[in-house]
Amino acid sequence: MNPNAPRLLRRRFLQLSAAPFTLAMGLDTATQAAEPQKFGADAMPGGTVDNPHVFVSIAADGTVTIVAHRAEMGTGVRTTLPMIVADELEARWDRVQVVQAPADEARYGNQNVDGSRSVRHFLAPMRRVGAAARQMLEAAAAARWSVPPSEVKAVLHEVIHTPSGRRLGYGELAADAAQQPVPQREQIQLKDPKDWRYVGHGKTQPIDQVAISRGQARYGMDMHLPGMVFAVVARPPVVGGRLKQADLAAARQVPGVLKVIEIPGFEGAPVFQPLGGIAVVASNTWAALQGRQALNPQWEDGPNGHYDSAAFRREQARAVQSPGTVYRNHGDAPKVIQDAPAQRRFSADYFVPHLTHATMEPPVATARVTPQGCEIWTSTQNPQAALDGVAAALGLAPAQVKVNVLLLGGGFGRKSKPDYVTEAALVAKALPDTPVKLVWTREDDIRHSYYHAVSLDHLEAALQADGLPEAWLHRTAAPSITSLFAPGSKAAAPFETGMSATNMPFAVPHVRVERAEVAAHARIGWFRSVANIPHVFATQSFVNELAHRARQDPLKYALALLGPDRQIDPGTLSDVFNYSESPVEYPIDTGRLRAVIEAAARGARWGRQLPKGRGLGLAFAYSFVTYTATVVEVAISPQGELKVEAVDMALDCGPQVNPERIRAQMEGAAVMGLSLALTGEITFQNGRVQQSNYHDYEVLRLLQSPKVIRTHLVGGQPNLPPGGVGEPPLPPVAPALTNAIFAATGRRIRSLPVRQQLRPS
């Protein structure tokens with residue numbers, strides 16, 4: 001938010017936004033004069049996400065206020081979506097301010113920042129919002145001048161009468177425009193993409209850039225209210241555990257401790273509910289932490305107290321040796337593999353451990369409960385889930401809960417699960433009218449998170465004389481995310497297997513994809529790129545191994561495996577619904593996949609001679625309707641010390657709305673992907689997470705980061721359906737790294753993390 005924006009406008013804007021469909025275009029910020037003019041009653045079909053009343057207001061001084069209805073966690077969405085509106089509106093970007101929407105799905109549509117959906121799902125609606133508001137301004141000017149609407153045109157914050165050259169600013173027209181009917185969807189005149197001013201150009205300064213660089217931006221951890229107190233929670237170390245005893249009196253005796261409150265644990269599936277435990281409230285965070293330590297709690301571990309990740313890996317290895325539930329079956333892959341000569345059969349297992357998000361800003365929420373309801377200030381990816389969780393926990397109607405969305409210091413899927421928000425509300429309920437800031441420490445976050453599922457993937461192939469597979473079998477075993485919602489669930493959801501397993505686009509005659517059932521003993525939650533991470537690691541490592549067995553260049557082999565350029569209906573790849581997108585609208589285009597592979601290879605100068613100890617590795621993927629490819633170059637010393645020299649990443653997401661942010665997401669994915677591949681690992685013993693902070697759950701340090709990250713944007717056709725950006729670049733990084741390690745050393749790595757696997761034996 002612009003710190004120099006008029007305070008009165010911001011206050012009035014928030015007052016207006018409390019009533020549906022009444023966002024004004026005629027607000028006078030200088031005089032606070034009459035009530036603002038209201039929009040007409042003709043809402044567009046399709047709900048409020050098309051309605052300019054909800055997203056746009058224009059003040060008498062010409063200031064355009066645009067609502068950002070999705071949370072900002074580094075993806076740039078608080079800039080990108082308003083930028084789309086401003087472009088169609090023909091607004092000057094230097095006269096635009098952005099206001100963050102509170103949780104209100106009825107007004108703003110889906111607000112959950114998960115699944116790389118923000119631009120994918122809202123490019124078209126935001127264009128319509130801006131274009132509709134522009135046409136209302138043009139209609140108001142035409143009426144003012146008594147001329148046909150065809151003679152007027154909005155250009156950079158003004159409406160011009162083309163024959164005479166007369167001009168009116170947006171502020172002058174705002175009140176009249178507010179009285180114009182909202183154009184129906186079929187009447188909206190979108191700009192030709194060639195006339196876009198901001199979209200596709202990557203020159204728009206991010207809304208929060210200056211405030212963030214100056215330390216003025218407000219994240220969840222920055223929240224402060226008069227009279228605020230602070231809370232931390234002692235939680236059971238094992239999921240489903242219960243408190244046996246604790247020294248409450250000792251905690252209360254710690255100077256600064258104000259209250260000790262028991263928080264109930266979940267019943268049934270964990271979903272987004274708190275783990276339970278004891279909250280210690282104090283006048284400062286240090287006192288709260290000392291009070292928590294004094295509790296010395298004892299826990300009953302429950303059914304997950306036996307969970308041991310090493311033993312579980314052995315269980316997974318046994319599970320993938322037997323047939324599982326079939327999710328894709330073309331031809332008869334098992335028989336073809338069984339009947340193939342031994343020298344033409346190949347199989348391998350690939351392992352990815354539990355991972356955690358380890359966001360720079362741990363979960364945090366501030367809550368205040370009054371007789372009227374509850375107000376929340378927090379960093380959340382899922383404002384509506386936060387609102388619903390608080391309402392249910394406090395026994396309030398949803399209308400009595402307000403969730404204010406602050407900037408997120410990282411999310412990656414962790415902050416879409418608002419257990420920490422409900423915790424804050426439950427504690428605040430015990431201290432009426434007192435703002436309570438509930439803080440998770442780094443140790444809390446590492447040990448009590450929702451973890452990416454540990455995954456073991458078994459692949460088999462029968463090879464033809466040319467080295468390409470005639471049959472392909474992929475069997476995967478991982479705890480299902482459905483266990484979060486259904487106690488004891490072992491069955492994978494089709495969308496999980498549909499992420500880079502059933503939707504594999506290779507030209508192979510016989511294909512079978514199966515899922516083995518294994519139980520979940522921890523809270524399994526979505527993580528940046530979810531099941532694509534283990535599936536891409538497995539399939540892309542396997543492809544590289546097949547190329548080596550065929551004594552072929554991995555790049556040439558991969559392109560041959562793709563087969564001829566074609567469009568594949570994902571619905572034909574499986575008998576079950578295997579992805580969250582319409583297969584008709586989003587075909588898999590192998591030509592686009594080929595293009596990103598070739599772009600990444602060109603960027604890395606694939607095929608050049610490298611000195612001893614250096615290697616290039618390639619991997620690619622299709623996920624979230626986006627095509628990505630990565631080439632990693634490594635240098636490995638005789639002592640096994642690894643240095644990532646360069647990463648080349650190519651991406652085709654269809655329309656490139658904000659190229660600068662696309663490149664930033666690619667660069668971030670390169671660093672995060674290397675971090676996960678090299679050191680990322682969560683392990684369990686006796687049901688307890690063994691890691692606690694960045695010293696034992698390591699993230700990539702500056703000295704370990706690539707010397708060079710080159711990004712290559714491919715395609716960019718504005719007529720294509722938009723693809724995701726935040727998640728797709730991540731999955732190919734790990735297999736590109738391990739394939740590069742093999743090229744440099746001849747050592748094959750099939751289990752992550754890499755860590756000490758390069759040390760001489």
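Two strands count as paired if DSSP finds at least two bridges between them. Keep that in mind for the sheet. One caution as well: this is a predicted model.

Now the pairing of strand 2 with strand 3. Strand 2 covers residues 64-68. The two strands run in the parallel sense, and 5 bridges join them. Here is a bridge to find on the screen: Val64 has Val96 in strand 3 as its partner.

Next, the aromatic rings. How many aromatic pairs does a search of the whole structure find? The count is 14. I will show two.

Phe55 with Tyr108 is edge-to-face. The centres are 5.8 Å apart, with 70° between the planes. Look at where the two residues sit. Phe55 belongs to helix 2, residues 52-55. Tyr108 belongs to helix 4, residues 105-108. That is 53 residues apart, so the pair links distant parts of the chain. Buried or exposed? Phe55 is buried, because its relative accessible area is 0% and the cut-off for buried is under 20%. Tyr108 is buried too, at 1%.

The second pair is Phe272 with Phe485. Their ring centres lie 6.2 Å apart and their planes meet at 80°. Planes over 60 degrees apart count as edge-to-face, so this pair is edge-to-face. Both residues are in loops. Phe272 is in the loop between strand 9 (257-263) and strand 10 (277-282). Phe485 is in the loop between strand 19 (469-477) and helix 15 (494-497). The pair therefore ties together parts that are 213 residues apart in sequence. What about burial here? Phe272 is buried, with a relative accessible area of 18%. Phe485 has 43%, which means partly exposed.

There is also a cluster. Which residues form it? Phe346, Trp472, Phe506, Phe542 and Phe620 make up one aromatic cluster.

Last topic: charges over rings. Lys417 has its charged end over the ring of Tyr450, 5.7 Å from the ring's centre. Arg748 has its charged end over the ring of Phe742. There the distance to the centre is 3.7 Å.

Conventions. Residues are numbered from 1 along each chain as its sequence is written. This is a predicted model: local features need pLDDT of at least 70, side-chain atom pairs count only at pLDDT 80 or more; totals for chains, interfaces and linings use all residues. Side-chain values use heavy atoms; hydrogens and water are left out. Helices (H or I, at least four residues) and strands (E, at least two) are DSSP runs, numbered from the N terminus. Rings of Phe, Tyr and Trp (its six-membered ring) pair if their centres lie within 6.5 Å; planes under 30 degrees apart count as stacked, over 60 as edge-to-face and the rest as tilted. Buried means under 20% relative accessible area, exposed over 50%, partly exposed in between (1.4 Å probe, protein chains only). A charge sits over a ring if NZ of Lys or CZ of Arg is within 6 Å of the ring centre and within 35 degrees of the ring normal.
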